[in-house]
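Subject: The structure you asked about

Hi,

Here is the structure for you to open alongside this note. My notes on what turned up follow below it.

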Amino acid sequence: MKDAMKADHVDTIIAQWALQRPELDCSPMGVIGRLGRAKQIITPKLDEVFKQNGLSNIEFDILASLRRAGKPVTPTDLYQTLMLSSGAMSTRVDGLVKQGLVIRQASKTDRRSCLVTLTEEGKSLIDKAIEQHVENERQILAVLSEEEQVKLAGLLRKWLAANE
């Protein structure tokens, strides 16, 4: 027999609403509230790994996007992938250029455009950081079995596919 599941903060909120508004089904708060609380707990843990590597979360995302692409990409591709404005992306790329982590190369096909690519230093840094990041995520999820993680990922995929 499974141990009784420990109550969390969201259970307290739902119980309080049940006392004050017993006719109102607050069960959606169980999911939405927990997603919000999870984000509040997870974000600082992720940020710690980025900080250990001298990166902000956006800088990590840019470097990781470039590494995943495996080839130079345009700033437009980057800001569309990361959902940033073009101005914000330009500022971030400028900072990464100054740090020696990326370079801008003029496009051979469009004089108005450029390509952004990782330097060897940038590639080395993101390779190290992504290994630490994945291990950190593994630790964050360690309370769930592999089967539970697969199930949760599937449910979240279903929700995101319908809402993105």
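**What was found**

L35 sits in helix α2; helices (H or I, at least four residues) and strands (E, at least two) are DSSP runs, numbered from the N terminus. Before going further: this is a predicted model, where local features need pLDDT of at least 70, side-chain atom pairs count only at pLDDT 80 or more, and totals for chains, interfaces and linings use all residues. Residues are numbered from 1 along each chain as its sequence is written, and side-chain values use heavy atoms, with hydrogens and water left out.

**The surface patch**

L35 has a relative accessible area of 41%, so it counts as partly exposed (buried is under 20%, exposed over 50%, partly exposed in between, with a 1.4 Å probe and protein chains only). Together with V31, I32, L152, L156, W159 and L160, L35 forms a nonpolar surface patch with about 640 Å² of accessible area. Such patches take residues with over 30% relative accessible area and no salt bridge, joining nonpolar side chains (Val, Leu, Ile, Met, Phe, Trp, Tyr) within 5 Å and like charges within 9 Å; areas come from the Shrake-Rupley method with a 1.4 Å probe, and for residues only the protein chains shown count as cover. Helix α7 (146–163) and helix α2 each give two or more residues, and α7 gives the most, with four.

**The core**

The largest nonpolar core has 23 residues, and I62, L63, L66, L78 and V102 touch the most other members. A core here is a set of buried Ala, Val, Leu, Ile, Met, Phe, Trp, Tyr and Cys residues joined through side-chain atoms within 4.5 Å. Helix α3 contributes the most, six residues. Beyond its neighbours within four places in sequence, L63 is in contact (heavy atoms within 4.5 Å) with L55, L96, L101, V102, L118, L125 and I126.

**Salt bridges**

There are six salt bridges, each a side-chain nitrogen of Lys or Arg within 4 Å of a carboxyl oxygen of Asp or Glu. R34 and D11 pair at 2.7 Å, N to O. Because R34 is in helix α2 and D11 in helix α1 (residues 9–20), this pair ties together parts 23 residues apart in sequence. R104 and D94 also meet, at 2.6 Å, N to O; R104 is in strand β1 (residues 102–106) and D94 in helix α5, ten residues apart. E135 and R138 form another, at 3.4 Å, N to O. These two are three residues apart in helix α6, so about one helical turn separates them.

Best wishes
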